[in-house]
Structures are given as structure tokens and as C-alpha cells.
Amino acid sequence: MTDWQLVLDSFWPLLWGGLSGTIPLALASFALGLLLALGVALMRISRNRVVSGIARFYISVIRGTPLLVQLFVIFYGMPSIGITIDPWPSAIIAFSLNVGGYAAEVIRAAILSVPKGQWEAGYTIGMSPGTTLTRLILPQAARVSVPPLSNTFISLVKDTSLASLILVTEMFRVAQEIAAFSREFLLVYIEAALIYWLFCLVLSSGQNLIEKRLDRYVAH
């Protein structure tokens, strides 16, 4: 088989591995990670020192340890205490926890960037703190946090390749199988890298469109 034929034959399996494995894994992990990040961000800005301290500790642990180690602890380490989790759920848990640790600081900074007068305005018209947060503060914070959170998602798409090490069938796992069969490791891995790059280019374009649409609502 020629190199060109191998590239053509492996393109669809790699692309499908990305569309059916990499992207869904990233989307599920990011969605759960954002929910976790919001909760941690609110804990982080709490006036209760215990609550704030727990959030600080969680963020410190996530940011201070490699994602690969976190993934291995969940998939390979947990069975030693009687908790066995399948590859896909293990990957989603690890990636969600990781996103939560990084995105929490982004969301916290975005919330704190909203002028305090917005809180006062909400209280003035009779809104409770919770209603003020959800109806006034978070929508404004969301516009500020879109660029860094979009970058987090793009990074997550690339990080999902680590899931291949716990037997999750995503794009890089498919690349490993093709490379092992064909013995053309360099060619197949370069092709996989180009597809990752293609995904990131598409996502970056989408990010730019979203930012342009939000620019009209954000005061400069």
C-alpha cells in the first residue's frame, strides 16, 4: 500500500473517530465542567471562609496536578478501593473535574468584573440575591467569559487524546490502531494531528463569530 493510499484509507476512520468520539467527549465534559465551575466560582467568592477554602483547595489541586495523572487516578486508581468505572465515564469525570478547576477562576473573574451597581440595581427593584445573580449578573459575566472559556474548550478537544490511554475509542485511539496495523506511525500520527488542527480551526472560527456578535452588547 502506498503512503497516499494509506492517507486516503485512514482519513474517514480518523475523522469519524473525531466526530463520534473526540467531539462528543469534549462536549459532555465541557458541559458538566461548566456546571461544576459555576458552583465552585460561587463558593470561591463566598464570604464563608470554610466554603471559600474548599473551593480554593479544589482549584489548587486541579491546577497543580497533571491531567493525565487525574485521569489515571480515576480509571486505574479507584478500583483499588473497590470503585470501578468504565473508560468513557472515567474520561468524562476526569475532564469535567479538570475543566471545573480552570473554568471556575474564569467565571469568578467574570462575575467580579460586573459593576457592584448592578447588584444594587437588582436589590432596588426588589430582586432577591439569587434572582439578581441569575437575571442580571450571570448574563453580563457570560459575555465577558466567552473568549477564555472558548479557549478552554478548544484545549479540551486536544486533551481528549489522553483518553486513548484508558482505552476510550476516540480519534487518537483510532490513529494508534491504524498505525499499529500499517506500521506507518509517522504518517498516521501526522494525519491525526492535521485533523485535530482542522477541528481547532473550525472551533476558532466559531469562537470569533460568537465574540463579534457579543461585541455589540459589551460596553468598551
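**Briefing on a predicted helical chain**

The count of salt bridges comes to 3, where a salt bridge is a side-chain nitrogen of Lys or Arg within 4 Å of a carboxyl oxygen of Asp or Glu. The model is predicted, so local features need pLDDT of at least 70 and side-chain atom pairs count only at pLDDT 80 or more, while totals for chains, interfaces and linings use all residues. Residues are numbered from 1 along each chain as its sequence is written, and side-chain values use heavy atoms, with hydrogens and water left out.

**Salt bridges**

- E105 forms a salt bridge with R44, and the closest N and O atoms of the two are 3.4 Å apart. This pair links distant parts of the chain, since E105 lies in helix α4 (residues 87-113) and R44 in helix α1, 61 residues apart.
- E105 also meets R108 in a salt bridge, at 3.1 Å from N to O, and these two residues both lie in helix α4, 3 residues apart, about one turn of the helix.
- E105 counts as buried because its relative accessibility is 18%, and R108 counts as buried because its relative accessibility is 19%; buried means under 20% relative accessible area, exposed means over 50%, and partly exposed lies in between, with a 1.4 Å probe and protein chains only. R44 is buried, as is E105.
- R173 and E177 form a salt bridge in which the closest N and O atoms are 3.8 Å apart, and both residues lie in helix α7 (residues 171-182), 4 residues apart, about one turn of the helix.

**Overall fold**

- The chain has 8 helices and 0 strands, where helices (H or I, at least four residues) and strands (E, at least two) are DSSP runs numbered from the N terminus.
- Along its principal axes, the C-alpha trace of the chain spans about 75 × 50 × 25 Å, and buried residues make up 38% of the 220 residues.
- Helix α1 (residues 3-44) spans only 53 Å between its end C-alpha atoms, whereas a straight helix of 42 residues would span 62 Å at 1.5 Å a residue; the expected span is 1.5 Å times one less than the number of residues.
- A kink of about 35 degrees in α1 is centred on G18, the bend at a residue being the angle between axes fitted to the seven residues ending there and the seven starting there.

**Annotated segments and surface patch**

- An unreviewed UniProt entry carries the annotation "transmembrane region" for residues 23-45, 57-78 and 186-206; such positions are given in the numbering used here, feature names are shortened, and annotations may be inferred rather than shown by experiment.
- Residues 23-45 are 96% helix and 0% strand, with end C-alpha atoms 32 Å apart, while residues 186-206 are 100% helix and 0% strand, with end C-alpha atoms 30 Å apart.
- L186, I190, L194, W197 and L201 form a nonpolar patch on the surface, with about 550 Å² of accessible area together.
- L201 has its place in helix α8 (residues 185-215) and is partly exposed, with a relative accessible area of 42%.
- Patches are made of residues with over 30% relative accessible area and no salt bridge, joining like charges within 9 Å and nonpolar side chains (Val, Leu, Ile, Met, Phe, Trp, Tyr) within 5 Å, and accessible areas come from the Shrake-Rupley method with a 1.4 Å probe, where for residues only the protein chains shown count as cover.
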